[in-house]
Amino acid sequence: NAILLPRQYYTSIFVGNPPRPYFLDVDTGSDLTWIQCDAPCTNCAQGPHPLYKPAKEKIVPPRDLLCQELQGDQNYCETCKQCDYEIEYADRSSSMGVLAKDDMHLIATNGGKEKLDFVFGCAYDQQGQLLSSPAKTDGILGLSSAAISLPSQLASKGIISNIFGHCITRETNGGGYMFLGDDYVPRWGMTWAPIRGGPE
């Protein structure tokens, strides 16, 4: 009998100044992008790169609109100095941390480099499968339609249309690409699909 091993699709992003690489799981169902973080870290898996270390000025305050959008009806804390979050996933694993804002470095279609302020999770306490799975990534890349997702943040700054796409190769050693915005349409065309909200 053949054993089918689960595949893991991830991409690399560059954050900070100087830019440092992080491998993130590509997740169209997640709102928040987060990177394991030395804030200090309570529970972190052994990832491929050193933990992200935020400077104090990079921590997002609770009054930030993206913080309020992420927290929703949770208690807003006027006196707090940081924006806390906790996410529970369908498999009961969870990630807890604070929001940070730092430079994200992107490659533009003309080959130039874009640098932008990007809000993401600085995750210092992971539970469940996020700790016990094979550690090939440093966190999760959130690609949902929420305001805090990476495509939405880029679109709100006028950098891209609120569109992303990816091509995943069948090769066992990886490959493929992901693009943000509608400038890069491969010459062989593509199938467009709207993102649907809700469990359906």
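Guide: A disulfide is taken here as a pair of cysteine sulfur atoms within 2.5 Å. The model is a predicted one, and three disulfides are found in it.

The link between Cys67 and Cys83 has an S to S distance of 2.0 Å. The torsion about its S-S bond is 95°, and the link is right-handed. Cys67 belongs to helix 1, while Cys83 is in the loop between helix 1 and strand 4 (84-88); the two are 16 residues apart, and the pair links distant parts of the chain. Both Cys67 and Cys83 are buried.

Cys41 and Cys44 form another disulfide, with 1.9 Å from S to S. Its torsion about the S-S bond is about 110°, so this disulfide is right-handed. Cys41 is partly exposed, at 25% relative accessibility, and Cys44 is also partly exposed, with a relative accessible area of 25%.

The link that remains to be described joins Cys37 to Cys122, S to S 1.7 Å. Because Cys37 sits in the loop between strand 3 and helix 1 and Cys122 in strand 6, this pair ties together parts that are 85 residues apart in sequence. Cys37 has 0% relative accessibility and counts as buried; Cys122, at 0%, is buried as well.

The aromatic rings come next. The count is four aromatic pairs. In one of them, Tyr52 and Phe120, the ring centres are 5.2 Å apart and the planes stand at 75°, so the pair is edge-to-face. Tyr52 is in the loop between strand 3 (34-36) and helix 1 (65-71), and Phe120 is in strand 6 (residues 113-127); the pair therefore ties together parts that are 68 residues apart in sequence. Tyr52 is buried at 4% relative accessibility, and Phe120 is buried at 0%. Phe120 also pairs with Phe118: with centres 5.9 Å apart and planes at 20°, these rings are stacked. Phe118 is buried too. Ring pairs join Tyr22, Tyr52, Phe118 and Phe120 into a cluster.

Apart from neighbours within four places in sequence, Met104 is in contact with Ile13, Phe14, Glu114, Lys115, Leu116, Phe118 and Leu150.

Now the charged side chains. The whole structure holds three salt bridges. Lys53 pairs with Asp38, their closest N and O atoms being 3.9 Å apart. Both residues are in the loop between strand 3 and helix 1, so this pair ties together parts that are 15 residues apart in sequence. Lys53 is exposed at 57% relative accessibility, whereas Asp38 is partly exposed at 28%.

Lys58 and Asp102 meet in a salt bridge at 3.6 Å, N to O. Lys58 is partly exposed, at 25%; Asp102 is buried, at 5%. Glu88 and Arg92 form a salt bridge with closest N and O atoms 2.8 Å apart, and both of these residues are exposed.

Asp103, in strand 5 (residues 94-107), is a buried residue without a salt bridge; Lys115, the nearest side chain of opposite charge, is 4.0 Å away. Not counting residues up to four places away in sequence, Asp103 touches Phe14, Val15, Gly16, Asn17, Lys115, Leu116 and Asp117.

Notes: Residues are numbered from 1 along each chain as its sequence is written. This is a predicted model: local features need pLDDT of at least 70, side-chain atom pairs count only at pLDDT 80 or more; totals for chains, interfaces and linings use all residues. Side-chain values use heavy atoms; hydrogens and water are left out. Helices (H or I, at least four residues) and strands (E, at least two) are DSSP runs, numbered from the N terminus. Buried means under 20% relative accessible area, exposed over 50%, partly exposed in between (1.4 Å probe, protein chains only). Lys and Arg count as positive and Asp and Glu as negative; His and the chain ends are not counted. Contact means heavy atoms within 4.5 Å. Rings of Phe, Tyr and Trp (its six-membered ring) pair if their centres lie within 6.5 Å; planes under 30 degrees apart count as stacked, over 60 as edge-to-face and the rest as tilted.
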